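Here is a short briefing for a first look at this protein. Start with the structure itself, then read the points by topic.

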Amino acid sequence: MTKSTRDNRQWRPATQLVRGGTRRSEFDETCEALFMTSGYVYASAEEAEEAFKGERQRFVYSRFGNPTVQMFEQRLALLEGADFARGTASGMAAVFASMACFLTAGDRVVASRALFGSCHYIVTTVLPAFGIGTELIDGTSPEAWNRALSRPANCVFLETPSNPTLDIVDLAAVCALARSAGAKVVVDNVFATPLLQQPFAYGADIVVYSATKHIDGQGRTLGGAILTNDADYFETKLIPFHRNTGPAMSPFNAWLLLKGLETLDLRVSRHCDNALRVARHLEERARLGRVLYPALPSHPQHALAMAQMKAGGSIVTFDLPGGKAAAFRFLNALQLIDISNNLGDAKSLATHPATTTHQRLSPEQRAELGIDDSTVRLSIGLEDAEDLLADLDQALAAAA
Ligand SMILES: *Cc1c(COP(=O)(O)O)cnc(C)c1O
């Protein structure tokens, strides 16, 4: 169907992001083509038969595969250094499919409890309804991992850094324990992005993304991806599950995400520079409570964070003295930064986790996660840092 351009696994990340996975059609277009089609036609009945028997490699239906989606999958796989990738309609479709495709009734999942809200719902509500038990633990505690993985488990699920308190899980240590417990490790690498942290290098089996966040990073579309080097998992578990249950990525969204990948390196480095400036600035304001950012030496797990991440990422979380009222005064006074629960966007966004992303949890569960009514999460975007600092300063003054 299309002419291949040559992929080179040796290319460095910034090159993969622009070039990796590109397939040109007979028209020799510069930009990746958008194949907005649900189906494909066959030159003969024999060809259709061969395709369905698996004797001929070709596209048969866009729930199974699509050229634009495949370019996105290939580019992300080359970036991550993974053998296999599958695009999904959203980050949650990726998280759910990554686990549901191989877990069965009676299996045991161990997860760090600092999880994105919908991930928490999957491991505590959806999987148990199918007879899969989940144990939630404090992901920052080596003893807790040791204890939980001293008996057999089937899956470890974790997020590092976590939302919104930026807890760090020791990937190398947990992957080693998981291996001896017989568990596959699934890492939700959204906060770190593929550029700042490579979970496969520490022994992870499966990496999942919400491409909605930094990979699009411009507020346009939902998307997700599952990556692995485990051929058996990919071919005998994930592909059949994905084909038959239908969390497929739209070709249009794949096209947007391909264009998003082209600028990911530039954007992530600007996100990190801006976020570090904001974190330092907030920390210098003595009357604030804690300021959490992995690249600040005051972060409780700074050394571990910097050992497994290249930079601190785009999220800064802090506590305002004065509880919910002060936090709401601060959010309502922002003039540049928007109030929004999304993250990883070009636009800087602020959210109050206790009343939005984490409102489903009880106050006790929030306390366990280090979230209280004074906690504010900032997703730092690509604006000029001076304008961001000025907006934060005037909103802090208004909140005081
Ligand atoms: C946003 C997010 C998800 C879910 O992704 P969607 O694209 O919104 O479905 C999962 N994990 C983390 C850490 C996220 O930030």
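The points below cover the domains, their contact and the nonpolar cores.

This is a predicted model. The protein is divided into domain 1 (13–262) and domain 2 (264–399). Their centres, taken over C-alpha atoms, are 27 Å apart.

**Where the domains meet**
- Domain 1 gives 41 residues to the contact, and domain 2 gives 39 residues.
- The two domains bury about 3200 Å² between them, with 59% of it on carbon and sulfur atoms.
- Ile-168, Leu-196 and His-214 supply 21% of the area that domain 1 buries against domain 2, more than any other three residues.

**Polar links**
- Between domain 1 and domain 2 the count is one salt bridge.
- Glu-368 forms a salt bridge with Arg-113, and their closest N and O atoms are 3.7 Å apart.
- Between the domains, 18 residue pairs are in polar contact.
- On the side of domain 1 that touches domain 2, the elements giving two or more residues include helix H5 (117–129) and helix H11 (251–262).

**Nonpolar cores**
- The largest nonpolar core has 54 residues, of which Phe-72, Val-316, Phe-318, Phe-330 and Leu-378 touch the most other members.
- Helix H12 (residues 264–284) provides the largest share of this core, seven residues.
- Both domain 1 and domain 2 give residues to this core, so it lies between them.
- Beyond its neighbours within four places in sequence, Phe-330 is in contact with residues including Phe-318, Val-376, Leu-378 and Leu-392.
- A second, separate core of 29 residues includes Cys-101, Leu-103, Ile-206 and Tyr-233.

Technical notes
Residues numbered from 1 in each chain as written. Predicted model: local features only at pLDDT ≥ 70, side-chain atom pairs only at ≥ 80, totals over all residues. Heavy atoms only, no water. Core = buried A, V, L, I, M, F, W, Y, C linked by side-chain atoms within 4.5 Å. Buried < 20%, exposed > 50% of the residue type's maximum accessible area, 1.4 Å probe, protein only. Helix = DSSP H or I, 4+ residues; strand = E, 2+ residues; numbered from the N terminus. Domains from an automatic or database assignment. Contact = heavy atoms within 4.5 Å. Buried area = accessible area lost by both parts, 1.4 Å probe. Salt bridge = Lys/Arg side-chain N within 4 Å of Asp/Glu carboxyl O. Polar contact = N/O pair within 3.5 Å; in protein donor to acceptor, adjacent residues only side chain to side chain.
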